[in-house]
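Let's take a walk through this model together.

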Amino acid sequence: MRTRRLGRTDVEVTQLGFGGGPLGGLFAPLDDATAAQALDAAWDSGIRYFDTSPHYGLGQSERRIGELLRAKPREQFTLSTKVGRVLVPQDPAGRMDEDFAVPATHRRVWDFTRDGIRRSVEDSVARIGVERFDALYLHDAEEHFEDALRDGYPALAELRAEGVVGAIGAGMYDPQKLTRLVRETDVDVVMLSGRYTLLDQSALDELLPACAERGVSILAASIFNSGLLATDRPSSGARFDYVPAPPEMLRRAHRIADVCEAHGVTLPQAAMAFPLLHPVVAGIVVGMRTADEVRRNVAGFGATIPPQVWSDLRAEGLLDERAPIPAAP
């Protein structure tokens with residue numbers, strides 16, 4: 001499993017990272033044993049970058065990842081979590097959380113202040129059981145961007161200066177806001193959700209050039225666009241960006257699959273390989289919930305993609321002309 005460095009920092013990530021969203025019960029409940037098996041399979045497969053967040057299952061993802069990593073030598077893995085939401089205890093009264101399939105034992109309170117971010121980090125340290133993080137991200141700040149830029153970024157920069165964290169940035173889906181963050185601050189990395197994939201290359205407009213100019217790395221998340229690119233042939237009920245895929249997007253995914261199949265490649269294999277063709281993309285982060293998913297993704301990640309796949313996709317109008325691809329022989 002190859003590694004790449006984040007920006008100009010000393011933090012390195014494996015090019016395939018483990019996304020902790022599903023461990024929090026995203027889309028469906030997940031029991032402890034299945035989660036532990038998925039994490040063990042990831043470690044055994046060579047994955048050494050693990051990303052999580054307090055948001056994922058009201059801390060459940062952080063606790064589960066901590067159970068694996070506390071038993072591993074600290075220098076052997078890279079760990080990131082996110083800030084911007086503080087978890088406040090409440091009486092669940094039998095209710096389930098609106099976003100994840102877990103009891104609503106806490107409520108999320110948006111907080112990008114210095115005190116809120118420091119409290120969030122302290123709480124995450126307690127849940128995971130580690131003494132430090134390798135990277136911290138301002139999380140889902142689209143609707144709170146001015147607060148995140150004015151207060152959140154300086155708080156992260158302070159933690160970086162103190163040595164509490166090695167790399168700082170933001171995890172968002174909005175390329176324009178991330179571009180502004182890259183241009184106006186000294187972040188090291190941004191985690192981009194779903195906007196540099198086989199189905200959506202809108203980050204080529206501004207964000208990718210800005211990162212190249214500023215020496216900022218990108219971690220491409222949601223590279224399957226919530227599932228539409230996760231199987232060889234997407235079904236009619238497949239999700240795109242967390243909602244049922246529109247018919248035109250479903251047709252586009254099938255057209256991409258046609259090109260892949262003509263060269264003996266699967267849709268998920270191409271989806272994992274594509275973002276890494278861009279020099280500013282340090283890695284991809286894939287959410288995984290079972291050991292079988294992990295092993296399947298690791299195997300697909302290691303597949304060789306013939307250069308003709310990319311040139312044929314471009315010729316079919318399915319890849320942006322600006323996206324870097326290897327030259328066909």
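Predicted model: local features only at pLDDT ≥ 70, side-chain atom pairs only at ≥ 80, totals over all residues.

On a 1 Å grid over the protein atoms alone, a cavity is a set of points where a 1.4 Å probe fits but cannot get out, while a pocket is an open set with protein on both sides within 12 Å along at least five of seven lines; lining residues have an atom within 4 Å of a point. Grid points are joined across faces, edges and corners, and a volume is the space filled by probe spheres set on the points. The largest cavity holds about 30 Å³ of space. Around it sit S53, P54, H55, K82, V83, G84, R85 and H139. That lining splits into 2 nonpolar, 4 polar and 2 charged residues, where Ala, Val, Leu, Ile, Met, Phe, Trp, Tyr, Cys and Pro count as nonpolar, Asp, Glu, Lys and Arg as charged, and the others, Gly among them, as polar.

Now for the pockets. The second largest pocket has about 300 Å³ of space. Its lining is made of 14 residues, with R2, A273, L276, F301 and A303 nearest the centre. By class there are 10 nonpolar, 2 polar and 2 charged residues in that lining.

Next, the barrel. Strands (E, at least two residues) and helices (H or I, at least four) are DSSP runs, numbered from the N terminus, and two strands pair if DSSP finds at least two bridges between them. Here 8 strands close into a barrel, with parallel pairing, in the order β3-β4-β5-β8-β9-β10-β11-β14. On average, neighbouring strands of this sheet are turned by 25° against each other, direction ignored. Helix α9 (residues 291–301) packs on the sheet, where it touches β3 (16–19) and β14 (281–287), and its direction makes about 155° with that of β3. Contact here means heavy atoms within 4.5 Å; axes are lines fitted to C-alpha atoms, for helices over the stretch in contact, and angles run from 0 to 180 degrees between N-to-C directions.

7 of its 7 residues are buried, so β8 is largely enclosed by the rest of the structure; buried means under 20% relative accessible area, exposed over 50%, and partly exposed in between (1.4 Å probe, protein chains only). On one pairing, strand β5 (residues 78–83) runs parallel to β8 over 4 bridges, with V83 bridged to L138. V83 also belongs to the lining of the largest cavity. Another pairing joins β8 to β9 in parallel through 6 bridges, and F133 stands opposite V165 there. From β9 (residues 165–172), 4 bridges lead on to the parallel strand β10 (residues 189–193), where A170 faces V190.

Strand β6 (residues 85–89) pairs in the antiparallel sense with β7 (residues 106–110) over 5 bridges, and P89 stands opposite H106. With 4 of its 5 residues buried, β6 is largely enclosed by the rest of the structure. A93 is exposed, at 59% relative accessible area. Also with a positive phi, near 50°, is D241, in the loop between β12 (239–240) and β13 (243–244). D241 counts as partly exposed at 23% relative accessibility.

Where does A271 lie? Look in helix α8 (residues 267–273). A271 is buried, at 0% relative accessibility. Leaving aside neighbours within four places in sequence, A271 is in contact with L198, I223, F224 and L229.

Definitions and conventions. Residues numbered from 1 in each chain as written. Heavy atoms only, no water.
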